[in-house]
Amino acid sequence: MSDALLKGTNMHKPVFDSNEFRRSLGTFATGVTIITVRSPDGEPIGVTANSFSSVSLDPPLVLWSLAKNAKSLPAFQAAEYFAIHILSAEQEGLSNLFASQGADKFGNLNTEQGIGDTPLLDGCCTRMQCKVAHQYEGGDHIIFVGEVVDLVSNDLTPLVFQAGKYSLAARKTDDTPLISSSSSGFDEDFFGYLLWRAYFQFQSEVNKQAPFRGFTSLEFLILVTLAHNNWRAVDTLCDMIVHDGDHDLVGQALESLVEKGLLQEKADKNGFKLCGLSETGNEKALELLTIAKSTESTFLERLGQKESAALKNLLKGFIVETDTGIPHPWERTEGEA
Ligand SMILES: Cc1cc2nc3c(=O)[nH]c(=O)nc-3n(C[C@H](O)[C@H](O)[C@H](O)COP(=O)(O)O)c2cc1C
């Protein structure tokens, strides 16, 4: 036996520590599952696991492993059946719940009963009911191999886990340049350009379908903002829409909307200048919103459901990270109550 082998075992002594091993395993992106079982005394039991893997197509076999110190281990070792739920992006909360030892995991959940009275959860990408085929020792875990006896799948966006964090999966787009790879600064890899271009393509499509002509992007923003939340302080609208302290442009857009009969202005009891949509303005704004929503659906359908979820998630993350406190359209500020 070589020096590198541990006495009495066939195992090599690791040349890395367990934190490094854990970190390295985390570089492997996985989905997230919840595995459920009915305990011998009739309790519903479940754990979050990302050790799930496919094993064989014929017969249909899958595996996962459970830590020997998991409270649920005896229930899984005793069971004839278990169910694997591949979680959707909406189920991050459920994943955290089932990863908490001692939590009341099933208290507020509606479950169905599966084979062997196994508790079944809803809203996942795939649900597989399995008959236990084998159990193996696997270091500090027990490996369960299950034969899949029933399954249902949906085309939902899956929850992904990588480097200890939840992620979303998105198809990688080709590395093909949009046009060229000049690097003068204002090129296709410049985030500012990508944001502007994406917005421009979206806005042009909305404008093409708009029920009336001759409104500017600013006017569009004012109309849809007020359609969401009418009678706003002029100052808030200015902060929300131009962001740079130059309120003249918004002032001109407001005047133009008043002239078109779409907007009205008034002062509140404290003298704050407010503006709100007229009846016609409200109708037009709602029409514009409907067109914008349908343009969103068409565009995002082209991109794909999972990519759209990932894109929105990244944009929200970007907005949160770089937020300078500009009010959101659905927030009311002081003086607007
Ligand atoms: C994303 C994620 C994946 C996990 N994967 C596993 C796993 O594959 N095996 C395991 O034993 N524990 C895994 N855990 C930890 C268990 O879910 C956690 O220890 C749980 O408390 C075990 O439940 P129990 O002790 O109530 O049986 C994972 C946790 C998370 C958040």
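A polar contact here is a pair of N or O atoms within 3.5 Å. Keep that cut-off in mind for the tour's opening stop, and remember throughout that you are looking at a predicted model.

**Stop 1: the ligand**

In S51, a side-chain N or O atom is 2.6 Å from an oxygen atom of the ligand. Q101 also places a polar side-chain atom 2.6 Å from a ligand oxygen.

**Stop 2: strand β6**

Select residues 81-86, which form strand β6. Is this strand enclosed or open? Here 6 of the 6 residues are buried, so β6 is largely enclosed by the rest of the structure.

Look along the strand with side chains shown. In a regular strand the side chains alternate between the two faces of the sheet. In β6, Y81, A83 and H85 point one way, while F82, I84 and I86 point the other way, and all are buried.

Strand β2 (residues 33-38) runs antiparallel to β6 and is joined to it by 4 bridges. To find your place in this pairing, click I34, which stands opposite H85. Strand β9 (residues 126-138) also pairs with β6 in the antiparallel sense, over 6 bridges. There, look for T126 of β9 opposite I86.

**Stop 3: A75 in helix α2**

Select A75, which sits in helix α2 (residues 73-78). At 7% relative accessibility, A75 counts as buried, because the cut-off for buried is under 20%. Its contacts, leaving aside residues up to four places away in sequence, are V37, S39, P40 and I45.

For a sense of scale, draw a distance from the C-alpha of A75 to that of L274. These two residues are 199 residues apart along the chain, and their C-alpha atoms are separated by 64 Å.

**Stop 4: helix α7**

Move to residues 248-259, helix α7. Its 12 residues reach 16 Å from the first C-alpha to the last, close to the 16 Å expected at 1.5 Å a residue. Colour V250, A253, L254, S256 and L257, which are buried. Seen down the axis of α7, the buried residues fall within an arc of 160°, so they line one face of the helix.

An α-helix has 3.6 residues a turn, so residues three or four places apart point the same way. What does the buried side of α7 pack against? Its buried residues meet α5 (217-228), α6 (234-241), β14 (263-267) and β15 (273-277).

**Stop 5: G261 and S278**

Just after α7, select G261, which takes a positive phi of about 80°. From there, show S278, placed in the loop between β15 and α8 (279-303). A polar atom of the S278 side chain lies 2.7 Å from the backbone oxygen of G261.

Is S278 buried or exposed? At 8% relative accessibility, S278 counts as buried. Finish by displaying the residues S278 touches, not counting those up to four places away in sequence: G261, L262, L263 and Q264.

Definitions and conventions. Residues numbered from 1 in each chain as written. Predicted model: local features only at pLDDT ≥ 70, side-chain atom pairs only at ≥ 80, totals over all residues. Heavy atoms only, no water. Helix = DSSP H or I, 4+ residues; strand = E, 2+ residues; numbered from the N terminus. Expected span 1.5 Å × (residues − 1). Buried < 20%, exposed > 50% of the residue type's maximum accessible area, 1.4 Å probe, protein only. Arc of directions from axis to C-beta. Contact = heavy atoms within 4.5 Å. Pairing = 2+ DSSP bridges. Polar contact = N/O pair within 3.5 Å; in protein donor to acceptor, adjacent residues only side chain to side chain.
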